[in-house]
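Work through the exercises below with the sequence and the model open. Each task is followed by a solution in steps.

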Amino acid sequence: MSIFNLKQPRSAPSTHTGVLGWLMNHLFSSKTNTALSLFSLYLLYLIVPPLLDWMIFSADFSEKTNTECTRNAACWFYINEKMSLFMYGLYPSEEYWRPNLLIAITLTFVLAVRLLKHQIYRHKVTLSLFVIYPFVAFFLLYGSDFLGIKIVETNYWGGLMLTVVVAAVGIVASFPIGIFLALGRQSKMKTIRWLSIAYIELIRGIPLITILFMASVMLPLFFTEGIDFDKLLRALIGITLFQTAYIAEVIRGGLQAVPRGQYEAADAAGLSFTQKMFFIILPQALKISIPNIVGSFIALFKDTTLVLIVGIFDMLAIAELATTDADWLGRKTEGIVFVAMVIWVLLYLMSRYSKTLEKRFNTEH
Amino acid sequence: MKDNIITIKGVNKWYGGFHALNEINLEVKEGEIIVVCGPSGSGKSTLIRCINFLEKFQEGSIIVDGIELSDDIKKIRQIRSEVSMVFQHFNLFPHLSIIDNLTLAPIWVHNKSKQEAREKALQLLDRVGIRDQADKHPNQLSGGQQQRVAIARALCTSPKIMLFDEPTSALDPEMIAEVLNVMIGLAKEGMTMICVTHEMGFAKRVADRVIFMDEGQIIEENQPNAFFNKPESERLQLFLDQILSK
């Protein structure tokens with residue numbers, strides 16, 4: 001009778017597990033890889049320590065005036081001092097409650113829709129919220145003599161508030177129009193198809209900055225004297241026209257990615273063109289397009305900074321404007337770094353949301 | 001003698017320079033079961049897809065239940081509401097639940113109430129043996145189950161004619177029987193059916209006529225018995241040898 005001594009499993013070689021293994025596999029797996037890794041490390045060494053030093057370690061946090069900030073680093077109280085400018089622009093401070101209330105209402109709406117998830121009448125509630133919301137937002141921010149809310153002209157709007165308004169209006173208005181254009185481009189009616197193609201190709205061939213200039217400088221020339229509509233409104237129209245063409249192309253990609261069998265099955269069932277598109281094709285096409293739609297919206301969000309060239313003060317323009325304060329000369333970098341961080345956080349949230357949406361709709365294919 | 005429910009006269013179709021359908025003449029009577037077979041590319045799918053106008057043809061005429069096919073979208077939709085189709089790749093709507101797949105056309109094309117459509121849908125699902133799956137999505141079902149759902153969906157609009165476009169070709173072998181059984185059940189109830197299929201057992205069992213197509217033409221047309229036992233043309237003989245020796 002022989003006795004077998006069970007061998008204990010040996011642990012994997014240290015070069016294949018843990019931190020060291022990860023490093024070996026990902027950063028130093030070949031000569032080129034090693035060289036690139038070392039080079040990147042060197043670049044990081046050049047950039048990160050001075051940046052951290054400027055932002056945090058040597059920075060002044062508590063000094064209350066520019067002159068007290070003597071160290072050669074960031075003076076963050078500046079941001080604190082200018083916070084309301086960054087957030088609301090020149091919006092009168094006694095009316096700050098209005099944008100704040102709007103944020104509260106928005107969050108409540110979102111939460112309400114979430115909570116109603118399993119209710120039968122959820123769609124009706126959501127739809128009516130969508131219809132009511134723009135009016136609420138408009139009357140709150142702009143005001144109305146009729147409702148007794150003091151009117152705040154749009155030249156006083158600015159900062160993050162304006163950035164969000166421009167981006168949100170651009171996104172919400174361009175989406176449905178983009179869908180119609182995408183459908184138009186596939187239409188069997190030649191006039192509609194050609195008009196759609198002409199519009200899309202024309203707009204896509206023009207930089208946004210040109211469209212904004214056209215909307216704000218050229219457009220008034222076409223109207224008789226005295227008719228002058230709001231500068232912000234003109235910029236909003238320009239941005240919507242621009243974004244529409246891009247959304248249309250993104251959605252067209254989605255429409256083309258829906259398998260032909262789906263079109264045929266809908267046809268064979270006797271559905272009309274509208275029914276086919278609305279019930280069968282669009283839901284699938286939009287699902288496929290989510291990443292690109294969100295990508296396009298992120299691009300739009302960044303593009304909103306261009307409204308500064310037509311004299312509207314978005315958040316970035318405010319960073320510029322704030323430097324004119326004689327008490328805070330030479331603090332432009334702080335402002336721009338702050339704006340960059342805020343915008344990054346917002347855009348990062350958008351792209352995370354896109355991931356969630358994709359997962360939620362990922363039931364098929 | 002029953003009337004013709006489908007009359008196909010002198011139909012020709014070209015894809016560019018390729019003659020896909022060549023002078024097709026076919027009459028189908030109410031309640032008849034027709035099986036169409038032939039090598040791939042012979043135009044059999046194209047032929048049945050012309051009947052509900054998924055494919056256009058350039059010459060000839062097709063009359064379905066007294067309505068002549070033309071470019072008139074109203075007439076096309078009228079015919080499509082009487083003719084249902086089952087596809088090779090099922091073509092269920094993946095974003096809708098099974099029950100919504102079934103009730104969509106009855107509600108929106110045939111103006112049935114939700115309640116009515118739902119009852120009928122459940123009844124049909126029961127009949128194809130998957131009533132318990134009604135609230136699932138198509139991708140949660142097996143191929144055979146999906147094709148049975150597709151058949152139930154096609155039946156939901158109470159069609160006069162059913163077209164089957166190779167309904168078992170995309171299925172795993174063990175799932176073919178469950179789909180064929182549903183089709184046999186339908187045939188026995190007197191549904192008018194045109195089936196493009198290579199299931200010769202099915203053809204022998206229920207077909208009234210079997211049609212052999214090659215290169216866009218109808219080569220031979222006969223009762224199943226004669227069709228399989230005494231093929232007249234050489235090409236059919238060759239085809240049968242290949243397909244039956246499989």
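**Exercise 1. The interface**

How many residues of chain B are in contact with how many residues of chain A?

Solution. The model is predicted: local features need pLDDT of at least 70, side-chain atom pairs count only at pLDDT 80 or more, and totals for chains, interfaces and linings use all residues. Residues are numbered from 1 along each chain as its sequence is written, chains are lettered from A and ligands numbered from 1 in the order in which they are written, and side-chain values use heavy atoms, with hydrogens and water left out.

Step 1. Taking contact as heavy atoms within 4.5 Å, 21 residues of chain B touch 20 residues of chain A.

Step 2. Between them the chains bury about 1800 Å², 61% of it on carbon and sulfur atoms; buried area is the accessible area (1.4 Å probe) that two parts lose on being put together, summed over both. On the chain B side, R80(B), P94(B) and H95(B) lose the most area to chain A, together 28% of what that side buries.

**Exercise 2. Polar links and composition**

Find the salt bridge between the chains, then describe the side of chain B that touches chain A.

Solution. Step 1. A salt bridge needs a side-chain nitrogen of Lys or Arg within 4 Å of a carboxyl oxygen of Asp or Glu. The count between chain B and chain A is 1. E264(A) and R49(B) meet in a salt bridge, at 2.4 Å from N to O.

Step 1. The rule for polar contacts (a pair of N or O atoms within 3.5 Å; within protein, one able to donate a hydrogen and the other to accept it, with residues adjacent in sequence counting only if both atoms are side-chain atoms) finds 7 residue pairs across the interface, both residues at pLDDT 80 or more.

Step 2. Helices (H or I, at least four residues) and strands (E, at least two) are DSSP runs, numbered from the N terminus. In chain B, α2 (73-80), β6 (83-86) and α3 (98-108) each give two or more residues to the side that touches chain A. Of these elements, α3(B) gives the most, with 3 residues.

**Exercise 3. The sheet of chain B**

In what order do the 4 strands of the open sheet stand?

Solution. Step 1. Strands pair if DSSP finds at least two bridges between them. The order is β2-β1-β4-β5 in chain B, with antiparallel pairing.

Step 1. β2 (18-29) and β5 of chain B stand at the edges with a single partner strand each, so one side of each lacks a neighbour in the sheet.

Step 2. T7(B) has E27(B) as its bridge partner in β2(B) and stands opposite I63(B) in β4(B).

Step 3. I63(B) in turn stands opposite E68(B) in β5(B). β4(B) and β5(B) form a hairpin with 2 residues between them, and D65(B) in the turn has a positive phi of about 50 degrees.
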